[in-house]
Amino acid sequence: MNKVGGTLQNEILKEFIARGTYIFPPRPSLRLVVDIIDFCKDKVARMNTINFSGYHVREAGANAVQEVAYCLSSAIAYIEEVLKRGVNFDDFGPRLAFHLIVGLDFFEEIAKIRAARRLWRRLRRNGSAPRTRGP
C-alpha cells in the first residue's frame, strides 16, 4: 500500500454541524476517524488522513470568521483524540489538510486564509495545538 496516496474527506463531525447527516453519533464517529489516522500513519504513508472542512460549514450559512473557528476547533478535537492513543504528532501531523471555501469577496478570502494560517501557527506555538515540523 506504499503507492496509494490521496486526501480523505472524512471529517465526520462537520456532518453534525453543517448538514445534520450522519451514520454514527459523534463519539463513535470521532473514534472511526482516529482509527483511520492511526492505521494510515503506518500502513498508507502517502495518504493525507483527514481534511478539516470549514467549507461545508460556510455553505450552511457561517461567515468567514465562523468557518475558520470551526475548522481550527475541529482540528484540535481530532488531534487531541489521536494524541490520547499515544501517537506522536510528527507521525501524522504533516499529513493533515484543511479545506476552506474561497468565495467572491476576494480580499476577505485572502485575509481569512492568512488569518487561519497565523492562528494555526499561534495555536501550535502556545501549546494549544501540537507542534509540527516547519514554521
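Asparagine 51 is buried, with a relative accessible area of 10%. Here buried means under 20% relative accessible area, exposed over 50%, and partly exposed in between, with a 1.4 Å probe and protein chains only. This is a predicted model: local features need pLDDT of at least 70, side-chain atom pairs count only at pLDDT 80 or more, and totals for chains, interfaces and linings use all residues. Residues are numbered from 1 along each chain as its sequence is written, and side-chain values use heavy atoms, leaving out hydrogens and water.

Asparagine 51 sits in strand 3 (residues 50-53). Helices (H or I, at least four residues) and strands (E, at least two) are DSSP runs, numbered from the N terminus. The side chain of asparagine 51 reaches the backbone nitrogen of histidine 99 at 3.4 Å. Such a polar contact is a pair of N or O atoms within 3.5 Å; within protein, one must be able to donate a hydrogen and the other to accept it, and residues adjacent in sequence count only if both atoms are side-chain atoms. Leaving aside residues up to four places away in sequence, asparagine 51 touches Thr7, Leu8, Gln9, Asn10, Glu11, Ala97, Phe98 and His99. Contact means heavy atoms within 4.5 Å.

Next, the rings. Rings of Phe, Tyr and Trp (its six-membered ring) pair if their centres lie within 6.5 Å; planes under 30 degrees apart count as stacked, over 60 as edge-to-face and the rest as tilted.

| Pair | Centre to centre | Angle between planes | Type |
|---|---|---|---|
| Phenylalanine 52 and tyrosine 78 | 5.9 Å | 40° | tilted |
| Phenylalanine 106 and phenylalanine 107 | 5.3 Å | 75° | edge-to-face |

Phenylalanine 52 lies in strand 3 and tyrosine 78 in helix 4 (residues 64-84), so their pair ties together parts that are 26 residues apart in sequence. Phenylalanine 52 is buried at 0% relative accessibility. Tyrosine 78 is buried at 1%. By contrast, phenylalanine 106 is exposed at 54%, and phenylalanine 107 is exposed at 65%. Ring pairs also link Phe52, Tyr78, Phe98 and Trp120 into a cluster.

Last, the surface. Ile23, Phe24 and Leu32 make a nonpolar patch of about 320 Å². Patch residues have over 30% relative accessible area and no salt bridge; like charges are joined within 9 Å, nonpolar side chains (Val, Leu, Ile, Met, Phe, Trp, Tyr) within 5 Å. A salt bridge is a side-chain nitrogen of Lys or Arg within 4 Å of a carboxyl oxygen of Asp or Glu. Accessible areas come from the Shrake-Rupley method with a 1.4 Å probe; for residues, only the protein chains shown count as cover. Leucine 32 belongs to helix 2 (residues 26-43). Leucine 32 counts as partly exposed, at 35% relative accessibility.
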